[in-house]
Amino acid sequence: MSKNKVLNRIAKKRGVHFVSGKIIGGKDFLKTIPYIQKLNESGLSTTVDHLGEFVNSKDIAKERANECIHTIQMIKDKKLDSHVSLKLTSLGLDISRDLLIKNMVNILDEAEKSNVMITIDMEDATRCHETIHLFKQFKESYTCVSTVLQAYLYRSEQDLKDLSTYQPFLRLVKGAYKESPNVAFADKKDVDDNYKKLIKHSLEYGLYTAIATHDDTMIDYTKELATNLNISKQQFEFQMLYGMRNNLQSILVQDGYKVRVYVPYGEDWYGYFMRRLAERPANIAFAFKGLTKK
Ligand SMILES: Cc1cc2nc3c(=O)[nH]c(=O)nc-3n(C[C@H](O)[C@H](O)[C@H](O)COP(=O)(O)OP(=O)(O)OC[C@H]3O[C@@H](n4cnc5c(N)ncnc54)[C@H](O)[C@@H]3O)c2cc1C
């Protein structure tokens, strides 16, 4: 559904104003800056993501890279407390390896100059191997690059071990894509157990770990673990999506934890929106109201 072009066009036309300032920032980065500033003023850091994935034109992939470079420059100029998150498919992963690497090198050169962390989001399982392989390659030349591991994948425990030698800033998530039982745990309990295992190992390996979840159980587990293992609050942060669990975000900040909010922006918000709906059907009423109201 998130790949349906017609629905995407309708949703884009009707919905952007409805979701803006609620689950995404603005329709472009400039319009997103006030939302970031407001979050920063409340003690929340951010990471911004220009929405749009599965790009299959070289020109669009290049445009995406330029947009990303411009965003990095604006973050620096406006002194925003923000990282940038991106998806390799939006920069040419499905088109050509050379194109993707060229785009990423241009982005990472700017990121390194501006001291802005770039997180490579993890997409579906078919792209995981390539993403990790490329991440390792980039990490050899750049410090301002990080990536994500998904607890639903069987391979993530081993990936974490392999990546630990690179000492990355690492984001851990449960995983957002529909995956086959050949590669991923199907049962929620197994995913949760593996998530706890990854959090523990990542902190024990000494990695700066971003625990990206809205789940109280995982957040409480992390807090308790950090206390028991005597791990400083400076070694980890919580990350949540823009518009989700705002109260909890504030409470964590008051309690001295670092919290980073993932702020997507841009016209191409439909796929992101559908994934959030699939995760939390309670939002369906909210969504339909927004899409049918002119
Ligand atoms: C900052 C960030 C970055 C991410 N990056 C990626 C990525 O690169 N790749 C990827 O595959 N996935 C990514 N994800 C998505 C992630 O994989 C999960 O799909 C998503 O976070 C839902 O899982 P959960 O851990 O939040 O909790 P779930 O397992 O969905 O929910 C567990 C419990 O948490 C509570 N809860 C969950 N959401 C809410 C809510 N909105 N309001 C109130 N209570 C709630 C409920 O009690 C629920 O039962 C990212 C998520 C975040 C927060």
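Which residues have the most contacts inside the largest nonpolar core? The legends below take up this and other close-up views of a predicted model, in which local features need pLDDT of at least 70 and side-chain atom pairs count only at pLDDT 80 or more, while totals for chains, interfaces and linings use all residues. Residues are numbered from 1 along each chain as its sequence is written, and side-chain values use heavy atoms, with hydrogens and water left out.

**View 1. The largest nonpolar core and F29.** The residues with the most contacts inside the largest nonpolar core, which has 72 residues, are F29, L86, M104 and I107. A nonpolar core is here a set of buried Ala, Val, Leu, Ile, Met, Phe, Trp, Tyr and Cys residues joined through side-chain atoms within 4.5 Å, where buried means under 20% relative accessible area, exposed over 50% and partly exposed in between, computed with a 1.4 Å probe on protein chains only. Helix α3 (residues 58-77) gives the most to this core, with six residues; helices (H or I, at least four residues) and strands (E, at least two) are DSSP runs, numbered from the N terminus. When residues up to four places away in sequence are not counted, F29 touches I36, V48, E67, T71, M74, I75, L80 and Y265, a contact being heavy atoms within 4.5 Å. A second, separate core of 14 residues includes L241, M244, Y262 and F273.

View 2. Strand β2 (residues 82-86) is mostly covered, since five of its five residues are buried. In a regular strand the side chains alternate between the two faces of the sheet. In β2, S82, V84 and L86 point one way and H83 and S85 the other way, and all are buried. Strand β1 (residues 45-50) runs parallel to β2 and is joined to it by four bridges, with T47 standing opposite H83; two strands count as paired if DSSP finds at least two bridges between them. The chain crosses from β1 through α3 to β2 in a right-handed β-α-β crossover, a term used when, with the strands pointing away from the viewer, the path from the first strand over the helix to the second runs clockwise. Strand β3 (residues 118-120) is also parallel to β2, through three bridges, and V84 stands opposite I118 of β3.

**View 3. The closed barrel.** Eight strands close into a barrel with parallel pairing, in the order β1-β2-β3-β4-β5-β6-β7-β8. Neighbouring strands of this sheet are turned by 30° against each other on average, direction ignored; axes are lines fitted to C-alpha atoms, for helices over the stretch in contact, and angles run from 0 to 180 degrees between N-to-C directions. Four bridges join the parallel strands β4 (residues 145-150) and β5 (residues 169-173), and L149 stands opposite L172 in β5.

**View 4. Helices α5 and α6.** Helix α5 packs against helix α6 (residues 156-164) at an angle of about 10°, with their axes 11 Å apart. The two helices are therefore roughly parallel to each other, because angles under 35 degrees count as roughly parallel, over 145 as roughly antiparallel, 65 to 115 as roughly perpendicular and the rest as oblique. The contact is made by C128, I132, F135 and K136 of α5 and by D159, D162 and L163 of α6.

**View 5. K188 in helix α7.** K188 is found in helix α7 (residues 188-204) and is exposed, with a relative accessible area of 53%. Leaving aside its neighbours within four places in sequence, K188 is in contact with K174 and D215.
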